[in-house]
Amino acid sequence: MHIYHDSRNETYRTPFGAAEVSTSVRIALSAPDAAGAVLHCWNETEGDSLIDMELREDGLYEAEVKMPPEGCTIWYYFIVKGNDGNTYLYGNAQDGLGGEGCQYEYDPKAFQITVYKPARVPQWYLDGAVYQIFPDRFAPDPESFGRDAKVLGKDPLPEAWYKKPFYKRDEEGKVTEWDFYGGTLKGIEAKLPYIQSLGITAIYLNPIFKAYSNHRYDTADYMNIDPRLGTNEDFTSLCKAAEKRGISIILDGVFSHTGSDSIYFDRYGRYGNGAWENEDSPYRSWYKFTPDKEPGYSCWWGTEDLPEVDETVPAYNDFICGEEGVVRHWLKAGARGFRLDVADELPDSFIKNIRKAVKAEGEDKLLIGEVWEDASNKISYGEARKFLFGEELDATMHYPFRNMVLDYINGNCGGGGFSRRMQNIRENYPREYFYSALNLIGSHDRERAMTALGADQDYWRARARLKLASALQYACPGVPCTYYGDEDCLQGWRDPENRAGYPWGREDKDMIYHYRLLGQVYSEHPALKGGEYIDAPGYFDDDIYAFLRKDENETILVIANRSPWATRHVSVDVSAGYALELLSAGEYRFENGHPELDVPPLTIYMLLLRDSAPELLKMERSAGVLCHVTSIPGSGSKGTIGKEARDFVDWIASAGFRLWQILPLNKAGREDTPYLSPAVFAGETSLIDRGELPDLYGTDDFRKENDYWLDDYIVYELSQEGNTKSASEIETEQYYFFSQWKRLKKYANDRGISIIGDIPFYVAPDGADIKAHPEAFQTGESASRAGVPPDYFSKTGQDWGNPLYDWKALKKDGYRWWLERLKACARLYDYIRLDHFRAFSAYYEIPSGGTAMDGSWIPGPGKELMDLFKAEGIKLIAEDLGELDPPVTDLLILSGLPGMDIWQFSEEKMRAMSPEKIRSRIFYSGTHDNDTLLGWCRETTESEKEAREKMDSVLKELYASGAPWVVVQLQDVLELGSEARMNVPGTAEGNWHWRAGAGTLTAEAAERFRKLAEDNDR
């Protein structure tokens, strides 16, 4: 007899999945040969009910089931009466994972409906990424180990830090000595930049309260930090430092038992008022004493060191959950949430009380529970648990996800099986809990991820598998959680081997970069957080696991291939003409309108799907010249923005240039650098042509247009030592500058010349901008600084000394400071070059007291800020030079900004570019930060003649290239060597002063370049 029901198909059940209390669920059944059908329902509180199903006109049997007013789990199956007189039973699939059911001869497996009360999970957690730390093994106190380093005279970490964890045990297997490595809270605080660099927004700490053991699940004093880890003040300091970086602290709440060597139990008489020997102890009622049974009290899983507590005792409840209790005490001290150890061994009433205590400190406070199975139907000690009904936990540790990932990658189930298990969780969990589940692979109580993936058999295969597994953590619904050291390929079986010291100084930098990449991609794309999870339509090999993450703004197709040796061809039946692969920045175009591609072994793709490629900035085929105003020929010590500049415009127009690129016009900083400005909104008044000052009729309009920064700048200038000007004079000087520049810009535009301006990323320390908007910057004695790591320009990196932005604070008012700055520049230029573009994706932070070698890449505002820039309609180009990672390239592509290539660094790459790629690039002969073209040619040839011939050949090749814009330095137009270089990065003196000599802008030079432009349609 044909019977059919699919619990995930809206034809047969609506709404999908879990249902709110007091709502109704429509359940339907197809049974065309039936004489009738009955829906058999039951739950743990109301018992069984039989509901006669009505036959609809379309031939389906239907029943409407009213959900109870309280959370519970409803189970159902079908009893069908056949026309043949027989009774048929139809229930869940044999594997119990929902979806299409099947017939049974007796006792069908039931379908599940989780009934819940709506409860909002804190958004900071849902949008975040978690890092789990075993405190003793993560990082030592940098000061104490600094002292040790002086004694050792070598490695800043003693060799003991790297030893394999061990326990000394007696003949009965009891631990007689714990090994302590010396990790501390101060050590964790010192490593916050590293943690932030991974894109982490929350740290889950294994227990940190005073205890006898190194794992500290044997709590001795709930109200004090273990002295080996630090002090209560250290904890508060850690929370404050983490909060500044947008990182929340989650504590481990061990409330099912205490330590036997504790204030509360005091088995060894260390404290004097414990429950073990004192019947009058205030803690006596907490414990379950068994005088006739060894060891005389109930203990957790038979472990004498862990006497169990009775969580229903009012005194204990008040101690943990009361207004002055443990939970609220540590939340007040700076924690933002708790993870409940062995939640399935805590009474529901106790968990509810903990939740009330947590939420009493703010609805944004978090409560996670340790549950190893499907938390929606968990039964412990014969009792159905209520974790997900809306009155207990905000989230559960997602051990089922761990099992799915490992089974899939290790070949124990195919991609279809993985998908089926994920869809079962999606069906059983209320939506908030499906997305709040803590996706873990490694942890302190399981094998290390590398070990579970087979590192003892094939290290490099396990390493590739770990990249795949970790990417699935970030791609699947749930909050990704990295166990410290997994990002560094640490190995280890279960406790104690999975708790080794983090290998500082011996890091696997490639794997750490992989995790940092995942963190950035996850942060940039909301669809990976709250987007719907949909099985990708198509037919796939068992090695393939494919699904979609989709929200109202973006669709991401995830395709994983777990095969260790075979490339799999995948065709997905979704509409898309273009995809950007987010982990590699690879671009794909699909001629047939749907994704079809080959996925290499042990590879995962995260494909951002679109109908077409992002729209690029429109750039007509043109040539441009790079020359700062100060370098224009003239009579004074530097060029000005009056007649000299207009004469220069006339000359470059005669040379066929349609673009004039300049350096920043803002107030110059020390050594006359325009890239370290003490006032980025103000103009550099030394560029004013004093021979043609404008009248003052427009001062009122000028003041209104610049009110955001002008008064602050005047106050700053008045405070400077040696200032002799009044406020009125300072304002007038700025009016002169901007008025003259406005006139010059119009003059250039009228002659077909567009101006490319430059906006430095950073500002100078102690300048007008920091004084006016201190909230936008990281300041103070311990503040970090900007710079770059070792690169082509400097083997030891560069320490620029600039203050870093406080992006968290800037975000609060919609990045107003940056938007005002951009709009101010848009009034000056036709196009704006975003200097140091990669810092919008991730910026380099040099810690206080450290060097450029000690820095970390920290995630920047990324796509969120670029989207705001785009909304302003301002024409932007990106300085994307140097070694870039995929997130920077992703940001560039999605923003539609053209980038830069310099012949001296990228000759072969520029020649090999595809037509699609070259349309988004601007080709340069050189910039202010590198040698002149002739100087470079001299370094790569044997004679002056060869150098000049090579220079001429390069210029012709640049002009003939497919790049829409080609820009050459004025020094290259004038055929000057290294003596005319504008700047040498990493040097503090002798820069920014080059100026073209009088009479060098000849008609011959103009004619030569005009012919180049005409011959190449520029």
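This is a short tour of one predicted protein chain, with stops to select in your viewer.

**Before you start**

The model is predicted, so local features are reported at pLDDT of at least 70 and side-chain atom pairs only at pLDDT 80 or more, while totals for chains, interfaces and linings use all residues. Residues are numbered from 1 along each chain as its sequence is written, and side-chain values use heavy atoms, with hydrogens and water left out.

**Stop 1: the whole chain**

Show everything as a cartoon. The chain has 32 helices and 45 strands; helices (H or I, at least four residues) and strands (E, at least two) are DSSP runs, numbered from the N terminus. The radius of gyration is 34 Å, close to the 31 Å that the globule rule gives for 1018 residues, so the chain is as compact as a globular protein of that length. Here the radius is taken over C-alpha atoms, and the rule is 2.2 Å times the number of residues to the power 0.38. Along the principal axes, the C-alpha atoms fill a box of roughly 105 × 80 × 60 Å.

Now try colouring by accessibility. Of the 1018 residues, 60% are buried; buried means under 20% relative accessible area, exposed over 50%, and partly exposed in between (1.4 Å probe, protein chains only). Contact means heavy atoms within 4.5 Å.

**Stop 2: helices α14 and α15**

Select residues 459-475 for α14 and 509-524 for α15. Their axes come within 10 Å and cross at roughly 15°. Axes are lines fitted to C-alpha atoms, for helices over the stretch in contact, and angles run from 0 to 180 degrees between N-to-C directions. α14 and α15 are therefore roughly parallel to each other; angles under 35 degrees count as roughly parallel, over 145 as roughly antiparallel, 65 to 115 as roughly perpendicular and the rest as oblique.

From α14, the contact includes R463, L466 and Y474, and from α15 it includes D510, H514 and Y522. By class, the residues of this contact divide into seven nonpolar, three polar and three charged. Ala, Val, Leu, Ile, Met, Phe, Trp, Tyr, Cys and Pro count as nonpolar, Asp, Glu, Lys and Arg as charged, and the others, Gly among them, as polar. The crossing of α14 over α15 is right-handed: a crossing is left-handed if the near helix is turned anticlockwise from the far one by less than a right angle, and right-handed if clockwise.

**Stop 3: helices α27 and α30**

Move to residues 903-912 (α27) and 944-960 (α30), which pack at about 50° with axes 13 Å apart. That angle makes α27 oblique to α30. α27 passes α30 in a left-handed crossing. Show W903, M910 and R911 in α27, which meet V954, E957 and L958 in α30. This contact has four nonpolar, no polar and two charged residues.

**Stop 4: backbone details in the loops**

Start with two cis peptide bonds. One runs from E294 to P295, with omega near 5°, and P295 is in the loop between β18 (248-253) and α7 (314-321). The bond joining D495 and P496 is also cis, with omega about 10°; P496 is in the loop between β25 (479-483) and α15.

Then check phi at two residues. V342 has a positive phi of about 35° although it is not a glycine. V342 lies in the loop between β19 (337-340) and α9 (348-360) and is buried, with a relative accessible area of 8%. H836, also not a glycine, has a positive phi near 55°. Find H836 in the loop between β39 (831-834) and α24 (838-841); at 8% relative accessibility, H836 counts as buried.

**Stop 5: two single residues**

Select N403 in helix α10 (residues 399-409). N403 is partly exposed, at 32% relative accessibility. L440 is 37 residues from N403 in sequence, and their C-alpha atoms are 9.6 Å apart.

Finish at E979, in the loop between α31 (970-973) and α32 (1003-1015). E979 counts as exposed at 60% relative accessibility. Leaving aside neighbours within four places in sequence, E979 is in contact with R938 and W994.
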